[in-house]
Amino acid sequence: MDASSSSSAAGLGSVDPQLQHFIEVETQKQRFQQLVHQMTELCWEKCMDKPGPKLDSRAEACFVNCVERFIDTSQFILNRLEQTQKTKPVFSESLSD
């Protein structure tokens with residue numbers, strides 16, 4: 001089995017490169033939107049005691065801190081995953097060997 005037939009088996013064989021790029025970009029957008037939704041939900045539950053027409057300074061500071069910690073944590077996890085991927089062979093690469 002050559003590289004093209006193994007990628008066909010994965011469902012990516014005859015996909016137009018522009019279409020594949022578009023799908024990757026849209027998938028990244030979807031992941032980002034999910035991350036923003038998750039962050040919004042988490043910080044809202046943590047910081048909003050009683051919703052009103054304006055944020056008080058305590059709630060505003062809580063939101064800022066919550067978002068910054070969420071971003072820091074997400075970045076830490078992504079960096080850790082990248083380090084793990086660099087030390088382990090990727091599954092698709094091991095198939096083509």
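How closely do the axes of helix α2 (residues 17-47) and α3 come, and at what angle do they cross? They come within 9 Å and cross at roughly 140 degrees. Keep in mind that this is a predicted model, where local features need pLDDT of at least 70, side-chain atom pairs count only at pLDDT 80 or more, and totals for chains, interfaces and linings use all residues. Residues are numbered from 1 along each chain as its sequence is written, and side-chain values use heavy atoms, with hydrogens and water left out.

**The overall layout**

- The chain has four helices and zero strands; helices (H or I, at least four residues) and strands (E, at least two) are DSSP runs, numbered from the N terminus.
- Reading from the N terminus, the elements go α-α-α-α.
- Of the 97 residues in the chain, 10% are buried; here buried means under 20% relative accessible area, exposed over 50%, and partly exposed in between, with a 1.4 Å probe and protein chains only.

- Two packed helices are described by the angle between their axes and the distance between the axes.
- Axes here are lines fitted to C-alpha atoms, for helices over the stretch in contact, and angles run from 0 to 180 degrees between N-to-C directions.
- On that basis α2 and α3 are oblique to each other; angles under 35 degrees count as roughly parallel, over 145 as roughly antiparallel, 65 to 115 as roughly perpendicular, and the rest as oblique.
- The crossing of α2 and α3 is right-handed, a label for a near helix turned clockwise from the far one by less than a right angle, with anticlockwise giving left-handed.
- On the α2 side the contact is made by L35, Q38, M39, L42, C43, W44, K46 and C47, and α3 brings R58, A59, C62, F63, C66, V67, F70 and S74; contact means heavy atoms within 4.5 Å.
- Sorted by class, that contact of α2 with α3 has 12 nonpolar, two polar and two charged residues; Ala, Val, Leu, Ile, Met, Phe, Trp, Tyr, Cys and Pro count as nonpolar, Asp, Glu, Lys and Arg as charged, and the others, Gly among them, as polar.

**The disulfides**

- A disulfide is a covalent bond between the sulfur atoms of two cysteines.
- The count comes to two disulfides, with the rule being a pair of cysteine sulfur atoms within 2.5 Å.
- One of them joins C43 to C66, S to S 2.0 Å, and the torsion about its S-S bond is about -90 degrees, so this disulfide is left-handed.
- Since C43 lies in helix α2 and C66 in helix α3, the pair ties together parts that are 23 residues apart in sequence.
- Both C43 and C66 are buried.
- C47 and C62 form a disulfide too, with their sulfur atoms 2.0 Å apart; the torsion about the S-S bond is about -75 degrees, so that disulfide is left-handed.
- C47 sits in helix α2 and C62 in helix α3, so this pair ties together parts that are 15 residues apart in sequence.
- C47 is buried with a relative accessible area of 0%, and C62 counts as buried at 16% relative accessibility.
- Counting bonded cysteines along the chain, the disulfides follow the pattern 1-4, 2-3.

**Two residues of α3 to look at**

- F63 lies in helix α3 (residues 57-87) and counts as buried, at 18% relative accessibility.
- Not counting residues up to four places away in sequence, F63 touches C43, W44, C47, M48 and L55.
- The C-alpha atoms of F63 and M48 are separated by 8.7 Å, with the two residues 15 apart along the chain.
- A59 is also found in helix α3, and is buried with a relative accessible area of 5%.
- Leaving aside neighbours within four places in sequence, A59 is in contact with C47 and M48.
- A59 and C43 are 16 residues apart in sequence and 9.9 Å apart in space, C-alpha to C-alpha.
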